[in-house]
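Please open the structure in your viewer and keep the selection panel at hand.

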Protein chains: 4
Amino acid sequence: MAKFYNAFAGSSIERIAALSDGLFAIAMTLIVLEVHVPEAHGIANDTALLGALVDLAPRMLTYVLSFLTLGIFWVGQQTQLNHLKRADRDLSWLHLLFLALIATMPFSTSLLANFITFRLALVIYWLNILVLGVVLFFTWSYAQRHQLVDDDLSPEASAAICRRIIIAQSLYAFGAALCVYNTYWSIGFIVLVQLNYVIAPRLPWLERI
Amino acid sequence: MAKFYNAFAGSSIERIAALSDGLFAIAMTLIVLEVHVPEAHGIANDTALLGALVDLAPRMLTYVLSFLTLGIFWVGQQTQLNHLKRADRDLSWLHLLFLALIATMPFSTSLLANFITFRLALVIYWLNILVLGVVLFFTWSYAQRHQLVDDDLSPEASAAICRRIIIAQSLYAFGAALCVYNTYWSIGFIVLVQLNYVIAPRLPWLERI
Amino acid sequence: MAKFYNAFAGSSIERIAALSDGLFAIAMTLIVLEVHVPEAHGIANDTALLGALVDLAPRMLTYVLSFLTLGIFWVGQQTQLNHLKRADRDLSWLHLLFLALIATMPFSTSLLANFITFRLALVIYWLNILVLGVVLFFTWSYAQRHQLVDDDLSPEASAAICRRIIIAQSLYAFGAALCVYNTYWSIGFIVLVQLNYVIAPRLPWLERI
Amino acid sequence: MAKFYNAFAGSSIERIAALSDGLFAIAMTLIVLEVHVPEAHGIANDTALLGALVDLAPRMLTYVLSFLTLGIFWVGQQTQLNHLKRADRDLSWLHLLFLALIATMPFSTSLLANFITFRLALVIYWLNILVLGVVLFFTWSYAQRHQLVDDDLSPEASAAICRRIIIAQSLYAFGAALCVYNTYWSIGFIVLVQLNYVIAPRLPWLERI
């Protein structure tokens with residue numbers, strides 16, 4: 001009976017995409033709120049304000065980091081959704097799980113912003129990225145196994161989607177491991193990896209990864 | 001005259017779906033904000049931070065509970081909207097009522113997170129779920145009575161949508177009743193019921209419900 | 001030159017609708033945040049919690065009021081957008097003005113929730129409703145004058161859209177005037193008028209308005 | 001390999017538009033939250049409340065300023081997206097960069113609201129507008145260079161999109177420079193320029209800019 005219900009329940013790619021766009025938009029806006037605007041009292045002139053803004057630099061760094069993270073996962077999820085011919089109820093739930101983890105990004109970002117020199121905060125941030133990657137990998141392999149993928153997508157392209165996730169996650173894991181030295185090294189390395197994914201087509205010597 | 005106006009007012013399924021996706025996305029993101037990031041002062045090292053995070057466990061539990069609740073109702077509402085051939089003004093308002101109750105989920109979640117051992121908080125949370133189910137049941141029976149349902153949806157499928165709501169609500173009510181013993185029993189039972197609905201197709205012995 | 005640019009700028013009904021749905025969804029969710037969840041300290045048992053929740057009744061009333069307001073204007077704007085054949089840049093800006101006023105509803109709601117017995121708070125809330133009605137009236141008359149309305153919409157239906165706004169605003173103005181006696185009278189009357197618009201088709205004796 | 005992946009990744013104009021609409025909707029709503037509702041204690045009557053509201057005038061001014069800014073950039077971005085025949089991965093990222101800067105508007109607005117007489121706050125606000133203009137200029141020139149623009153858009157129209165950005169940004173820069181005299185002069189001038197863009201078609205003598 002439940003199987004019968006599940007056969008026609010919750011299977012609209014458009015609705016998954018719309019929910020995702022809304023949730024990403026909110027997450028992208030909430031992470032800026034971590035960059036707290038300085039309070040007016042105690043700041044008497046432009047110089048004092050400049051000093052207060054410079055103090056926000058670490059929080060701006062976590063904003064950049066998290067916007068890149070969200071942007072990369074948005075493009076990644078969108079690439080999958082654009083190449084599905086249909087969805088089913090289970091795929092909807094896999095994407096809801098993905099979105100539940102996207103919704104925790106403002107928490108992880110805020111935690112890292114508050115404790116930017118703490119290894120634990122960085123590891124939790126990385127774990128958030130890791131499980132996002134794992135779920136996104138699984139949504140695609142699920143779509144492949146259940147014939148939900150567009151027929152006109154070549155097997156090579158389909159494999160590229162999976163390989164891309166594995167390589168990126170390996171680089172993120174290496175970056176996270178750098179926190180044994182210093183959390184800023186981790187953040188810097190991960191931001192560089194992300195910028196590579198964003199602008200790589202311009203840098204031919206990085207094309208191979 | 002009003003009847004004349006109402007005949008052409010507010011009848012776009014796409015707009016209802018878009019408003020719903022936006023509202024669900026916001027509710028899903030707001031419930032995470034209940035998991036307060038620890039304040040930096042007073043936390044000197046990773047061990048202290050870990051302790052502060054462990055203290056957040058009950059709030060993470062309510063986050064999981066509410067994300068499942070929102071996800072299940074999102075899938076449930078979407079299943080209905082996907083199988084309508086058209087909407088009318090009254091159906092729009094029934095869905096707005098549904099959304100008004102979805103919008104209160106962050107409140108109920110926050111109340112339960114703040115008072116997780118209080119029976120009253122749990123009962124209010126359950127009442128929120130209950131009225132959501134009642135309204136969703138009513139939106140479907142309204143759509144059926146007013147010939148808004150897709151003609152290619154079988155009567156069996158249509159009946160399954162109603163039966164699903166009744167069975168789920170019965171289980172939630174039983175779970176809520178467990179709070180006479182302990183609120184954690186209630187939360188645990190409801191989460192298990194919800195997980196069953198999410199992943200049940202994998203568990204054949206639960207197929208019958 | 002500017003005229004030339006304006007001839008092809010910003011004229012997608014779908015984008016106006018999507019922005020509106022997002023903004024309405026956020027406003028509908030933010031107004032719930034005015035119903036502050038009681039703080040845990042100082043509340044020792046269910047009875048104390050119940051007392052704290054009863055104290056929230058006025059804020060729940062303003063939530064209901066504002067959700068009805070937002071719902072009515074959402075249906076009203078949607079009715080217009082559904083019956084346009086195209087938009088132009090000026091209509092986009094009229095709808096942006098409408099949305100700028102929708103975005104202030106959480107402010108007006110919060111003001112009324114904080115000062116529910118103050119006539120000024122009620123008058124400001126009513127002014128917000130009034131300007132929303134005025135702008136919505138003007139968007140429709142603009143659409144009519146510039147041949148943006150669907151050709152298959154009868155002149156009677158088109159006139160009904162304007163008449164509906166005028167009658168509703170007259171009733172709201174009367175309700176607001178009741179605050180010379182008591183703000184609760186105003187709120188009660190406005191909520192009744194709104195409920196009439198929401199469920200009126202069920203009450204034949206109110207059909208004429 | 002990466003080039004291969006990038007050839008089919010993230011290229012849906014609809015998804016970019018949907019994410020943009022969500023993010024603009026949230027930013028437009030968040031900037032109102034800067035207009036803090038007065039606290040109830042210490043305000044005993046309507047006169048005291050009126051005084052507290054009058055004190056909010058500068059924050060209302062920054063709300064108007066920022067809503068105009070967001071509205072103008074929303075119309076500007078939409079105009080571009082409406083006239084693309086397709087997107088590619090790099091264009092997606094250029095629009096994500098644009099959105100990352102839109103997401104910082106609530107921060108810039110809040111900073112200006114808190115420090116409305118500080119030149120630094122105004123310069124930062126203007127820098128936010130400037131980089132938005134630069135990115136929007138670049139998204140269009142990118143789309144032109146990579147044949148992403150609709151074939152039925154005349155070269156004149158395409159050039160008008162770029163010229164419009166340059167003229168507007170020149171005026172904003174002049175307005176920002178007025179802060180050497182007084183920040184209110186800057187804000188006033190920029191608001192006037194923006195209102196000109198919004199309602200200019202009604203003022204024939206301003207048509208030439």
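**First stop: a helix pair in chain B**

Select helix 5 (residues 89-103) and helix 7 (residues 119-145) of chain B, whose axes come within 9 Å and cross at roughly 165°. Because of that angle, helix 5 of chain B is roughly antiparallel to helix 7 of chain B; angles over 145 degrees count as such. The model in view is a predicted one. As helix 5 of chain B passes helix 7 of chain B, the crossing is left-handed.

Next, display the side chains where the two helices meet. From helix 5 of chain B, the contact includes Leu91(B), Leu94(B), Phe98(B) and Leu101(B). From helix 7 of chain B, the residues in contact include Val131(B), Leu132(B), Val135(B) and Phe138(B). Sorted by class, the contact between helix 5 and helix 7 of chain B consists of 13 nonpolar, 3 polar and 1 charged residues.

**Second stop: a loop residue in chain B**

Move to the loop between helix 7 and helix 8 (155-177) of chain B and select Gln147(B). Most residues other than glycine have a negative phi. What is the phi of Gln147(B)? The angle is near 55°, a positive value in a residue other than glycine. Is Gln147(B) buried or exposed? Gln147(B) has 9 other C-beta atoms within 10 Å, and a residue with 12 or fewer counts as exposed, so Gln147(B) is exposed.

Now select Gln147(C), found in the loop that joins helix 7 (119-145) to helix 8 (155-177) of chain C. Phi of Gln147(C) is positive, near 55°, and the residue is not glycine. With 9 other C-beta atoms within 10 Å, Gln147(C) is exposed.

Remain in chain C and select helix 5 (residues 89-103), which has 15 residues. From the first C-alpha to the last, helix 5 of chain C reaches 21 Å, close to the 21 Å expected at 1.5 Å a residue. Helix 5 of chain C is mostly covered, with 13 of its 15 residues buried.

Then select helix 4 (residues 57-82) and helix 9 (residues 183-199) of chain C; their axes come within 10 Å and cross at roughly 40°. Helix 4 and helix 9 of chain C are therefore oblique to each other. Helix 4 of chain C passes helix 9 of chain C in a left-handed crossing. On the side of helix 4 of chain C, the contact is made by Leu61(C), Val64(C), Leu65(C), Leu68(C), Thr69(C) and Ile72(C). Facing them from helix 9 of chain C are Ile187(C), Ile190(C), Val191(C), Gln194(C), Tyr197(C) and Val198(C). By class, this contact of helix 4 with helix 9 of chain C has 10 nonpolar, 2 polar and no charged residues.

**Last stop: chain A**

Finally, select chain A and colour it by secondary structure. How many helices and strands does chain A have? There are 9 helices and 0 strands, and along the sequence the pattern reads α-α-α-α-α-α-α-α-α. Of the 209 residues in chain A, 51% are buried. Among contacts in chain A with a separation of 6 or more, 79% link residues 24 or more positions apart.

Within this chain, select helix 2 (residues 13-33) of chain A. Its 21 residues should span 30 Å at 1.5 Å a residue, and the end C-alpha atoms are 31 Å apart, which agrees. Because 18 of these 21 residues are buried, helix 2 of chain A is largely enclosed by the rest of the structure.

Key. Residues are numbered from 1 along each chain as its sequence is written. Chains are lettered from A and ligands numbered from 1 in the order in which they are written. This is a predicted model: local features need pLDDT of at least 70, side-chain atom pairs count only at pLDDT 80 or more; totals for chains, interfaces and linings use all residues. Axes are lines fitted to C-alpha atoms, for helices over the stretch in contact, and angles run from 0 to 180 degrees between N-to-C directions. Helices (H or I, at least four residues) and strands (E, at least two) are DSSP runs, numbered from the N terminus. Angles under 35 degrees count as roughly parallel, over 145 as roughly antiparallel, 65 to 115 as roughly perpendicular and the rest as oblique. A crossing is left-handed if the near helix is turned anticlockwise from the far one by less than a right angle, and right-handed if clockwise. Two residues are in contact if their C-beta atoms, placed from the backbone, lie within 7 Å. Ala, Val, Leu, Ile, Met, Phe, Trp, Tyr, Cys and Pro count as nonpolar, Asp, Glu, Lys and Arg as charged, and the others, Gly among them, as polar. The expected span of a helix is 1.5 Å times one less than its number of residues. A residue is buried if 20 or more other C-beta atoms lie within 10 Å of its own, exposed if 12 or fewer, and partly exposed in between; C-beta atoms are placed from the backbone.
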